[in-house]
Amino acid sequence: MSTIPDLETAELGTSDKVFAGYSAPFVYDAPDGKKIEQTIWGDFVGLLGDPDGDWVEVRARGANGWMRCAELQAERFLDVNFVDVGQGDGCFIVTPADRFLLVDAGLDDNMLRYLSWRFNLRAHPWWTIEFDAAVLTHPDADHYRGFTNLVESGRFHFGALYHNGLVDRAGAGLGEVHEIDGVRYQTDVVEDLDDLRRVLDDPEAIGKAWYPNLLKTVVDGAHATDVAMLSAGSFVPGYEEDEPLSIQVLSPVPERVEVPTGADGTEERTVLRRLGDDGVTKNGHSVTLRLRYRDVSVLLTGDLNGASQRYLLEHYTGFDPRSVDDDDEREQMIASARAVFGSDAAKSCHHGSADFLDEFLGGIDALVTVVSSGDDEPFAHPRPDALGAFGKWGRGTRPLIFSTELARSPNENVKEPASLRREIEELESELLAAATEAERDEVRERIGERLGTLERSIAVYGLINLRTDGHRIVMAQKLERPSPSGVKWDVHRFEPKDGVLQYVRGS
């Protein structure tokens, strides 16, 4: 086993695997030479030889060159990638223990393209990537349908697939609803694999509905070892409170009530409160996760809406926002909410929708907010009032707002991924029509080149990177073109001052 470099002294020894140091070091063509590439904190760096004085030969971000030993580190940190999935959500997480998690996967194949680039799968067609877990925050297509591409590719396996307990049925919405003591509930919540199989064994429930068919494909094809509901009051298995990286589940919030069973009988069941129609209810019960690594926290909120934020505030703080009209009481509610939801970084609820509560944003109190949205949608996400509120309710004098949609502005190769996909489809038709193996090989090579362009576009432009050692945070997005000084990344740093994490202006 080779020796990992010492974090404090950067004595590289004989290791062949290290990581880029704080905050965005360069790769040079020779020691003290010309800049040829720029890394960001936590990037994997392969060592190509032993150190030569203060320098070592490396391969990083596809470039061979030299880096300063002092700008490399041994320790892998938390790496949270907000992938440009277009209109939708998709978050790929690499843990400090080098384990993989996925929270949503968008509507189309962007997540597959990103992961294919990230793991270089086209160059290694026999590889299967093992994920600790994947989370489907709720059954909205722009959050889960991208999983279909991942599953059908056969390149990924998940230790567990977690969901919010609500499963769309063909022609039956979210299933049975009962009104109990004046409150309406979803009463056939899917808690575990046995519950899910009862739904999937009913052909009428599945029909042609996307969501149950995806789950059936996962279960029948053993693409996940377990499928289960996540509930508030728990932690994601393997990421409990006492772990270096903990992942707390803050919603959905299930309840236990006596549900009528007919003939005046009842049975106690786990239920979820109706928050409105089916759309409002399934969005409002999105799985919400709070990641904590050392002193840093990151909040992932799915499609929480105003109705669910009101319910969550009441559940966790004891205050009903509708009846709070005193400024002191309102401040107490927000302070109580911060004890639960307060986070250094947060993914915005519902792609920057206008359906939010100011008090809930005050409870999050984020230094930085990331909006995941796309161009081809009729909602004008992110909404102008949402962007203003993220700034108003954010922490510090300059709360930062990032957007996958705004970051997606490449100056090279791909302006419109949809047009590139059409080009690839045309090439695939050409491949089917090719008369000889030589012609087919030539078309395959062209397809591979165009697929690589698409993967790079998704992986680089629009991607919002969050890296943290649990004390500091680096946020980075790709520049459209390098600056005259060779800078390729728009990098923003957050560092502790007097025990409080703060934005470093001018970073």
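Analyst: Start where helix H4 begins. There, a side-chain oxygen of Asp192 comes to within 3.2 Å of the backbone nitrogen of Asp194. That is a polar contact, a pair of N or O atoms within 3.5 Å; within protein, one must be able to donate a hydrogen and the other to accept it, and residues adjacent in sequence count only if both atoms are side-chain atoms.

This is a predicted model: local features need pLDDT of at least 70, side-chain atom pairs count only at pLDDT 80 or more, and totals for chains, interfaces and linings use all residues. Residues are numbered from 1 along each chain as its sequence is written, and side-chain values use heavy atoms, with hydrogens and water left out.

H4 covers residues 193-200. Helices (H or I, at least four residues) and strands (E, at least two) are DSSP runs, numbered from the N terminus.

Which residues of H4 are buried? They are Leu193, Asp195, Leu196, Val199 and Leu200. Seen down the axis of H4, these buried residues fall within an arc of 155 degrees, so they line one face of the helix. The arc is that of the directions from the helix axis to the C-beta atoms. Buried means under 20% relative accessible area, exposed over 50%, partly exposed in between (1.4 Å probe, protein chains only).

What covers the buried residues of H4? The cover includes helix H5 (203-206), helix H6 (210-220) and strand S16 (224-229). Contact here means heavy atoms within 4.5 Å.

Burial also occurs elsewhere: Cys69 is buried, at 7% relative accessible area. Cys349 is buried too, at 9%.
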